[in-house]
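Let's take a friendly look at how charged side chains pair up in a protein model. Have the structure open beside you as you read.

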Amino acid sequence: MQYHTRTMTMPIKIIYLITTLILVQTNHMMAQERTNVLHQTEELGKVHWYRNYDEAIAVAKNEKKDIVVLFQEVPGCATCRNYGHNVLSHPLMVEALENAFIPLVIYNNKNGKDKKILDKFNEPSWNNPVVRIIDTEGN
């Protein structure tokens, strides 16, 4: 179905524009494999985390930033939930993590890609939250 904006009324044009922006943003967010603060668990706080290590490295290289890697248990213990609620939800912490770094979360209680990254950094499974700052070479 094609829409001809010349024949639309102003309210319809606004709704069309907003809907288009939402769809574009949704597609962009899904392509980047980032968490959505409206639908993520308490352990992750209010930070939009990357979930793919290779993608986070590529974005960090492009933006010339270091990466903050959070090794976190999700769903987690009381320590993990408190860390997410009290630290990772604080507005200044969210701002710093999202603007100065590329935030990446690796679940320390999952298999697959997460387990491979745990092994790469020699991180144990089922641990309290661990934060590392790495460069684009993974150092």
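This report goes through some of the salt bridges in the model.

## The overall picture

The model shown here is predicted. It holds 4 salt bridges. Three of them are described below, and you can find each one by its residue numbers.

Start with Lys-115 and Asp-119, whose side chains meet in a salt bridge with an N to O distance of 2.9 Å. Where do Lys-115 and Asp-119 lie? Both belong to helix H5, which covers residues 113–120. They sit 4 residues apart, which is about one turn of the helix.

How open are these two side-chain partners? Lys-115 has a relative accessible area of 30%, so it counts as partly exposed. Asp-119 has a value of 45%, so it is partly exposed as well.

Next, look for Glu-123 and Arg-132. Their side chains form a salt bridge, 2.9 Å from N to O.

Is Glu-123 buried or exposed? Its relative accessible area is 11%, and because buried means under 20%, Glu-123 counts as buried.

## Lys-65 and Glu-63

Finally, turn to Lys-65 and Glu-63. Here the side chains meet in a salt bridge at 3.3 Å, again given from N to O. Glu-63 has 40% relative accessibility, so this residue is partly exposed.

How values were computed. Residues are numbered from 1 along each chain as its sequence is written. This is a predicted model: local features need pLDDT of at least 70, side-chain atom pairs count only at pLDDT 80 or more; totals for chains, interfaces and linings use all residues. Side-chain values use heavy atoms; hydrogens and water are left out. Buried means under 20% relative accessible area, exposed over 50%, partly exposed in between (1.4 Å probe, protein chains only). Helices (H or I, at least four residues) and strands (E, at least two) are DSSP runs, numbered from the N terminus.
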